[in-house]
Amino acid sequence: MTTRGAALPFLLPVLLGVLAACTWLLARPHVAAGPTHPTLVVLGAAQYSGRPSPAFKRRLDHALSVYRAGGVQTIVVTGGRQPGDPYTEGEVGAAYLRARGVPGSALIAEARSRTTAENLRGARVLLPPGTPVTLITDEAHAPRALVLARALGLTANANPSPLSRNPDLRYLLREKFALLGYTLLGLRG
């Protein structure tokens, strides 16, 4: 026969673990913006009929403000297309920036990738070897994007764009679990 107090030493670590996991999962992500490299890589997000989605537009607008602040010579906009879609994220993003005054000579559209790892691999192929890059993506995605970029051998930092006012909790959780997965399992270039 056991007493009620006998379970307490076992229950306390479990409760503390659950509390720590909930705190980690619900915390807003934060990546401090590093010094901007002369090359930006804007990670793709959805586009709709040739127009950037709201999330993609926030990334592009942020890249535009970083470009206008000076020091940026090249912007690589990444992202392919959904089956049957005539537009790619890379081409839509480059056209968006060009329409806002970024010269075409400063823009590169990577238009084949569908995932973050493919975005980064595609950008790496389009740039001279060893080019340091500043990633432009939203603040929830930036930690995972940085882990991937470094695993792929890129010298990278991030300058994250803000999230929407009410970000989707599923998206935030997906990014946390994906980051945990990459951290535990690793990724090879």
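Okay, so let's start with how much of this protein is tucked away: of its 189 residues, 43% are buried. Keep in mind that what you're looking at is a predicted model.

Now the overall layout. How many helices and strands are there in the protein? We've got 6 helices and 7 strands. If you walk along from the N terminus, the order goes α-β-β-β-α-β-α-β-α-β-α-β-α. And here's a number on how the chain comes back to itself: take the contacts with a separation of 6 or more, and 68% of them are between residues 24 or more positions apart.

Let's zoom in on one strand, β6, which covers residues 133-136. Are its faces covered or open? Both are covered. On one side you have V133 and L135, on the other T134 and I136, and all of these are buried.

So who sits beside β6? One partner is strand β1, residues 39-42, and the two pair in the parallel sense over 3 bridges. If you want a spot to look at, find V42, whose bridge partner in β6 is I136. Another partner is strand β7, residues 156-158, again parallel and again over 3 bridges. There, look for V133, standing opposite A156 in β7. To get from β6 to β7, the chain goes through helix α5, residues 142-151, and that β-α-β crossover is right-handed.

Okay, over to the surface. Which residues form a nonpolar patch there? They're F177, L180, L184 and L185, and together they have about 460 Å² of accessible area. L185 belongs to helix α6, which spans residues 169-185. Why does L185 count as exposed? Because its relative accessibility is 76%, and the cut-off for exposed is over 50%.

One last stop, and it's a backbone detail. Most residues other than glycine have a negative phi. Now look at S49: its phi is near 50°, a positive value, and this is a residue other than glycine. Where is S49 found? In the loop between β2, residues 47-48, and β3, residues 51-52. S49 is also exposed, with a relative accessible area of 60%.

Technical notes
Residues are numbered from 1 along each chain as its sequence is written. This is a predicted model: local features need pLDDT of at least 70, side-chain atom pairs count only at pLDDT 80 or more; totals for chains, interfaces and linings use all residues. Side-chain values use heavy atoms; hydrogens and water are left out. Helices (H or I, at least four residues) and strands (E, at least two) are DSSP runs, numbered from the N terminus. Buried means under 20% relative accessible area, exposed over 50%, partly exposed in between (1.4 Å probe, protein chains only). Patches are made of residues with over 30% relative accessible area and no salt bridge: like charges are joined within 9 Å, nonpolar side chains (Val, Leu, Ile, Met, Phe, Trp, Tyr) within 5 Å. Accessible areas come from the Shrake-Rupley method with a 1.4 Å probe; for residues, only the protein chains shown count as cover. A salt bridge is a side-chain nitrogen of Lys or Arg within 4 Å of a carboxyl oxygen of Asp or Glu. Two strands pair if DSSP finds at least two bridges between them. A crossover is right-handed if, with the strands pointing away from the viewer, the path from the first strand over the helix to the second runs clockwise. Contact means heavy atoms within 4.5 Å.
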